[in-house]
Amino acid sequence: MNQSTPRCGEKHPYTLEDLGWTDEHEKAFSKYAGPYLPGRVACRQKTVWDILVDGGSVTAGISGALRKLGRFPAVGDFVVLLHQPEAGTSMIVDILPQKTRFARGSTGRGGSDQVIAANIDTVFIVTAAGHDLNARRIERFLAIAHASGACPVIVINKSDLADDPATLADEIASASSGIPVIPISAVSGEGVDRLDPYLPPRTTIALIGSSGVGKSTLINRLMGRPVQETSHTRDYDDKGRHTTTVRQLFVLDGGALMIDNPGLREVGIGAASAGIADTFPEILELAEGCRFSDCRHEEEPGCAVRAAVADGTLPAARLGSFHRLVQELAFERDKAEIGLVRLEKKRWKAIGKIQRDIGKTKGR
Ligand SMILES: Nc1nc2c(ncn2[C@@H]2O[C@H](COP(=O)(O)OP(=O)(O)OP(=O)(O)O)[C@@H](O)[C@H]2O)c(=O)[nH]1
Ligand SMILES: [Mg+2]
């Protein structure tokens with residue numbers, strides 16, 4: 001656990017409520033009686049989790065039952081701990097229902113979604129002036145942010161490097177569609193106070209974005225001290241340097257809870273079907289005017305969306321992004337289904353083998 005987060009066994013001044021605990025959590029926890037403790041996951045290190053509990057913190061593993069079910073707590077999850085003070089150990093035995101679940105579709109083989117953080121109120125999509133400032137990249141982040149149920153805010157960092165900071169937001173205006181866009185400089189502090197309305201006590205904010213955009217530098221600025229390691233800009237290439245390697249929750253002085261994340265290399269769209277509609281609201285609105293209700297806005301006659309591109313009301317790049325994300329989603333769904341078919345085939349093969357073995361036994 002980082003030096004600024006209370007270490008295992010260390011005391012801290014935060015109550016469960018300060019950590020975001022609500023009546024719903026209380027209700028969900030009420031079925032537990034006995035040596036059980038509620039807590040919130042602050043950090044995961046491979047097979048152990050650092051948990052903030054009322055006034056202190058513990059390090060715990062998870063029960064065999066959770067492991068068998070493949071239920072691994074994410075940073076931000078509220079969990080139930082079986083506390084065994086006599087043995088000096090704690091074990092996570094349950095994960096309380098998640099208010100929001102921030103996941104990215106796996107871009108690799110397998111296609112399963114990866115939970116980045118849980119119970120997030122607001123997502124700061126952090127980008128930086130320069131090559132990272134890209135409307136298409138922001139659309140992808142927005143789709144997964146919308147799908148999570150959390151409210152997205154776009155933060156353009158390193159405004160000090162821009163020739164004209166006043167026009168930074170315009171560069172991504174086509175992608176932001178009504179989402180707040182806040183240019184800041186985490187290094188100079190310029191504009192950082194404009195984030196205050198999104199940082200009320202007990203709300204949870206997750207920082208996401210590519211490596212090197214300055215997420216950890218922003219955490220350090222908001223904490224008022226260097227709690228996270230950052231790397232010198234010249235160490236970064238286009239793929240970033242990936243200085244932060246574990247997700248971690250911090251309690252800001254003002255009482256907001258902020259999760260720093262490692263830079264995201266690729267953002268799969270697998271988890272974002274629900275988020276695509278919110279990312280392209282103007283396309284969904286235009287689609288109301290299409291002749292066919294299942295219009296794909298490709299070659300169908302009477303397509304109001306393509307008409308808007310033709311008359312210049314809708315940027316062609318915007319429709320291009322929409323098509324790309326929808327196609328990617330369809331591909332990931334197919335992949336998931338093909339995976340199921342393979343699984344089925346494997347099962348039938350196994351059943352066949354068992355039946356053959358049974359046949360052999362009968363013949364003896
Ligand atoms: N000029 C300028 N540089 C900044 C600003 N914010 C961060 N940097 C620099 O950008 C580099 C990367 O910053 P980090 O905070 O480590 O970036 P990160 O997003 O946490 O990166 P990962 O942990 O790899 O995901 C460092 O050299 C910072 O000093 C800023 O507002 N202006
Ligand atoms: Mg970092």
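## Close-up views of the predicted model

**View 1. Ser-216 is a buried residue, at 7% relative accessible area.** The model shown here and in the other views is predicted. Thr-244 is buried too, with a relative accessibility of 12%.

**View 2. The largest nonpolar core holds 46 residues.** Ile-51, Ile-92, Phe-102, Ile-120, Val-123 and Ile-154 touch the most other members. Helix 3 (residues 135-148) supplies the largest share, six residues. Domain 1 (17-95) and domain 2 (101-260) each contribute at least three. A second core of 23 residues is separate, and its members include Val-153, Ile-184, Leu-222 and Met-223.

**View 3. Val-123 and its contacts.** Leaving aside residues up to four places away in sequence, Val-123 touches Phe-102, Ala-145, Ala-150, Cys-151, Pro-152, Val-153, Ala-206 and Ile-208.

**View 4. Lys-46 has a positive phi, near 50 degrees.** Most residues other than glycine have a negative phi. Lys-46 lies in the loop joining strand 1 (36-45) and strand 2 (48-53). Lys-46 is exposed, with 72% relative accessible area.

**View 5. His-297 also has a positive phi, near 60 degrees.** The loop between helix 8 (281-287) and helix 9 (304-310) carries His-297. Is His-297 buried or exposed? His-297 is buried, at 6% relative accessible area.

Notes
Residues are numbered from 1 along each chain as its sequence is written. Chains are lettered from A and ligands numbered from 1 in the order in which they are written. This is a predicted model: local features need pLDDT of at least 70, side-chain atom pairs count only at pLDDT 80 or more; totals for chains, interfaces and linings use all residues. Side-chain values use heavy atoms; hydrogens and water are left out. A nonpolar core is a set of buried Ala, Val, Leu, Ile, Met, Phe, Trp, Tyr and Cys residues joined through side-chain atoms within 4.5 Å. Buried means under 20% relative accessible area, exposed over 50%, partly exposed in between (1.4 Å probe, protein chains only). Helices (H or I, at least four residues) and strands (E, at least two) are DSSP runs, numbered from the N terminus. Domain bounds come from an automatic or database domain assignment. Contact means heavy atoms within 4.5 Å.
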